[in-house]
Amino acid sequence: MTIIEKLGQFFLGRIHDLEDGETSNDALLYDARDLTTHAVCVGMTGSGKTGLCLSLLEEAALDGIPAICIDPKGDLGNLMLTFPGLTAKEFQPWVDPADATRNGMTIEEYAINTADAWKRGLATWGQGADRVQKLRDAAEVAIYTPASNAGRPLTILRALTAPTADTLNDAEALRERIMATVSGLLALLQIDADPISSREYILLSSILDTCWRQGDDVEMGSLIRLIQEPPFDKVGFLDLESFFPANDRFKLAMLLNNMLASPGFAGWLEGEALDIQKLLYTPAGKPRLAIISIAHLSDQERMFFVTILLNEVISWMRSQPGTSSLRAILYMDEVFGYFPPTANPPSKRPMLTLLKQARAYGLGCVLATQNPVDIDYKGLSNAGTWFLGRLQTERDKMRVLEGLEGAAAATAGSSFDKQRMEQILAGLGSRVFLMNNVHEDQPVVFKTRWAMSYLRGPMSREQIRILMDPLKEDAAASLTASFGLTTATEQADDTSRPVLPPNIPELFFPVRGNVDQLVYRPALLGEARVHFVAVRHDIDRWDEVTLLVATGDNIPSDFWDNADEWDEQDFPELTDRCEENAAFGALAASLTQKKSYTKFKSVLKDYLYRHRRLSIWTCPALNESSNADESEIDFRIRLRHSAREARDVQVEKLRAKYTSRLRALEQKVRRARQKVEREQTQKSQKTVSAGLSVLTSIAGALFGRKLRSVTNVSRASTAIRSVGTAAKESEDVKHAEEAVSALIEQDEELDAEIEAEVRRIQDSFDPDLMELTRNDLKPRKSDIRVERVILVWLPYAIDKAGNTERAFYSASR
């Protein structure tokens, strides 16, 4: 497998013969670019559908392709159960005690048995501990749990975020975004709203349309007020009061308020904001398989969340440049209920949009289901690849055949043999799938490979918590380090609020959550704008800088060196009111003098002049440079895809370069075969089979099914043994043996040549090996404008012993 890794070839299994029930040694390699035309996976319980889909995600991770995986059932958390040691100790916490009991074993014995089975299974498919380790190193796997802190919590209810400028300028896209968002929100409120006749639907749509066109996010608290006092006085041709009286609007606002205020809904307001780029990549730029577990949510909550998520994916997608290479994957483990044939749930419209438009942006959608009847197969006609496993009823088969026929009709030059497909579907067994790929000449039957992840079944919230706690601890430690927050205990000063001169303003950080006792400690907030100009790089921009530095009772001259920088959009709205009964830390004497703040501004300007730089990164290998607003991590993320695009181009050139030579070699083999047939007919069959297996592993991996559709290839050693056996049976075929042996040597030389080319491509376009050069732009001192330096108070929680435990403002950062 090593030779085809990082070439965009997904190892999904091996070719399977339905007639004799045998699985060959010929690998089923799936071109990653084919996934940009999307895929559908259908199979009943026990068909091996989950194993196939997890294997596909594993291969994507190995190729550096991130994915967002919507998990309604809880199975996808198994992707975190990868054990490079393949030891019983690693498996034991995750084996099912009930399975151990049913098998008459202790948990320890069952863990040993499971580890041995996994080790043997992986070895059977040419995989080992080293490949499992590569998978763990290639991408992070994390589980997100909206409205729950079992995994990483996600919130979508702090604000309904305004779409990107591209969406705002596209009337149809904006309309679809509003319709889906409002439908999801009303479904959450259990209001069955018709887009034409529902007052609630029309009012909320009008509010979002007005606010979003102004570029404003709509926070949930603001939405409650906007329902009561909309930013318009007419709806259509009617005045607002005639269309939707104030008393009725108040009832709708109260319904939304009660939902948000209910104890069971508090979890929706906590966690990371929904950001697709941050889901796909870690802060260090490493690809991530982001599993979004929604099994714990109600049906209405699931529909609302999936609808909002799909809309966010669309917005992110439209902000990306076009490409023909696979950029990312959106996978949904059970699409039943979200994409029905006749009904129009809120999730259906954005899903159709993705199936129609995502290809142009390199986003591959993979939809799976074990309920093939209630699916919109007309909508799925946009899917280019179908993975079909064992189906339960004839009705299921007929619906799947209908979908396949629709997909074939939607693809130019594609044919569909319904009778043959029906026969193949009838013969599928466990882990045996039919792959119908419009990018290949004919369907292929294959047996799925052994998944590297331990497939233990659905995971409970407690199991998710156990898996995710180490990642959450790492994130918390990183957060503390990056913000400069203290974790050591220190005595809180039991002092009253200092009295300041009236010409010195002071502001307070908002307190997030509940706390028994607080102490405020002083800090300085500095805000400035820095202008960078570089004609050579086409840069002319102003950077907003927000610095925050905690102070004690003494302020050193270089205090800005210890400041934390905040993103302007993340900085909370400060207040002029403090919490009641809070204690205050000691305040440096200089902070009570107005002239000090003038000095602080001057020191801040000097600090920015000496230290503030705009880094421009360049990748000589790809001849690309970072944009002015692009960090090194974001640039590396973009380079990953640029490298993948360049690699795919080189692989295509490789195919074009060697296809004619391989065809010529195949023709020579055919002529040698014909000569053997003339010499001795009874010996011809064995030689024919030998001739057909002349392509070896490397050529087969890159050219096999796309070079010809007669058969899949075997290793060259098999061909040599077959030819040798046939030749030894009669002296009459001696010359044919020599001729074919010579051809095998040519093939081996050609294979070595192709392998060298492959190695070169792998090394040349491995983003982890590419070096970057850095050019730091320095601002002119006259281009630095300090807006203000102001005293702010930071809240810290106090424990029962009177020690400050933690900064209580970090949640907003």
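Author: Residues are numbered from 1 along each chain as its sequence is written, and side-chain values use heavy atoms, with hydrogens and water left out. Because the model is predicted, local features need pLDDT of at least 70 and side-chain atom pairs count only at pLDDT 80 or more, while totals for chains, interfaces and linings use all residues.

Reader: What makes C41 buried rather than exposed?

Author: Buried means under 20% relative accessible area, exposed over 50% and partly exposed in between (1.4 Å probe, protein chains only); C41 has 1%, so the residue counts as buried.

Reader: Why is the contact of E59 with R449 called a salt bridge?

Author: A salt bridge needs a side-chain nitrogen of Lys or Arg within 4 Å of a carboxyl oxygen of Asp or Glu, and for E59 and R449 the N to O distance is 3.0 Å, so the pair qualifies. The two residues are 390 residues apart, with E59 in helix α1 (residues 49-62) and R449 in the loop between β17 (444-448) and α17 (461-483).

Reader: How do you know whether E59 and R449 are buried or exposed?

Author: E59 has 3% relative accessibility and R449 has a relative accessible area of 2%, so both count as buried.

Note on methods: Helices (H or I, at least four residues) and strands (E, at least two) are DSSP runs, numbered from the N terminus.
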